Amino acid sequence: QVQLVESGGGLVQAGGSLRLSCAASGRTFSTYAMGWFRQAPGKEREFVAAISRNGANTYYEDSVKGRFTISRDNAKNTAYLQMTSMKPEDTANYYCAAKESPLSPSIVLLTTVQYKYWGQGTQVTVSS
C-alpha cells in the first residue's frame with residue numbers, strides 16, 4: 001500500500017508556471033506507474049499525464065502537450081508535474097495516482113479506473 005501527498009498548488013497568472021510534487025510513502029515507489037489527473041468544479045476528473053514505473057514512457061492529454069512535463073525521482077519517492085504557459089482552463093484540483101505494475105516497467109496508465117491509490121489533491125488556480 002502507498003500513501004500519496006500532493007503539494008505545490010497555488011495561484012498563478014496566465015502564462016506562469018507551477019511545479020506539483022507527489023510524495024509517496026513506502027519503499028516500493030519504483031514499482032508503481034504514476035499519473036496526474038485534474039477535476040474542475042462541476043466536471044469529471046480527467047487525465048492529464050502519466051509516467052511508467054521506470055520513467056521511460058510518458059503520455060499527455062492533448063491540451064497540455066508541450067506545456068506540462070511529468071517526471072519521477074524513484075530515489076526520492078516523488079513524482080512531479082511541471083506546468084508552464086498555464087491557462088485559465090488549467091484551473092482545477094490536481095490529483096496524483098499510483099498503481100503497482102511489477103510486470104510492466106514501461107506501461108503507462110491513462111484512466112481513473114486503472115489506478116488504485118490517490119492523493120487528496122492540490123488546488124491550482126490560473127488567473128487571466
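Visitor: What should I know about the model before we start?
Guide: It is a predicted model, in which local features need pLDDT of at least 70 and side-chain atom pairs count only at pLDDT 80 or more, while totals for chains, interfaces and linings use all residues. Residues are numbered from 1 along each chain as its sequence is written, and side-chain values use heavy atoms, with hydrogens and water left out.

Visitor: How many residues does the largest nonpolar core have?
Guide: That core has 29 residues, and those with the most contacts inside it are L4, M34, W36, L81, M83 and Y94. A nonpolar core here is a set of buried Ala, Val, Leu, Ile, Met, Phe, Trp, Tyr and Cys residues joined through side-chain atoms within 4.5 Å. Buried means under 20% relative accessible area, exposed means over 50%, and partly exposed lies in between, with a 1.4 Å probe and protein chains only.

Visitor: Which elements give two or more residues to this core?
Guide: They are β3 (18–24), β4 (32–39), β5 (46–51), β7 (68–73), β8 (78–83), β9 (92–100) and β11 (122–127). Strands are DSSP runs (E, at least two residues), numbered from the N terminus.

Visitor: And which residues does M83 touch?
Guide: Leaving aside residues up to four places away in sequence, M83 touches G16, S17, L18, L20, R67, F68, Y94 and V124. Contact means heavy atoms within 4.5 Å.

Visitor: What does the second core include?
Guide: This separate core of seven residues includes A33, A50, L109 and Y115.

Visitor: Changing topic, how many salt bridges does a search of the whole structure find?
Guide: The search finds four. A salt bridge is a side-chain nitrogen of Lys or Arg within 4 Å of a carboxyl oxygen of Asp or Glu.

Visitor: With which residue does R38 form one?
Guide: R38 pairs with D90, and their closest N and O atoms are 3.0 Å apart.

Visitor: Where does R67 come in?
Guide: R67 forms a salt bridge with D90, the closest N and O atoms being 2.8 Å apart. Salt bridges that share partners join R38, E46, R67 and D90 into one network.

Visitor: What about K65 and D62?
Guide: Their side chains meet in a salt bridge at 3.1 Å, N to O. K65 is partly exposed at 45% relative accessibility, whereas D62 is exposed at 57%.

Key:
Helices (H or I, at least four residues) and strands (E, at least two) are DSSP runs, numbered from the N terminus.
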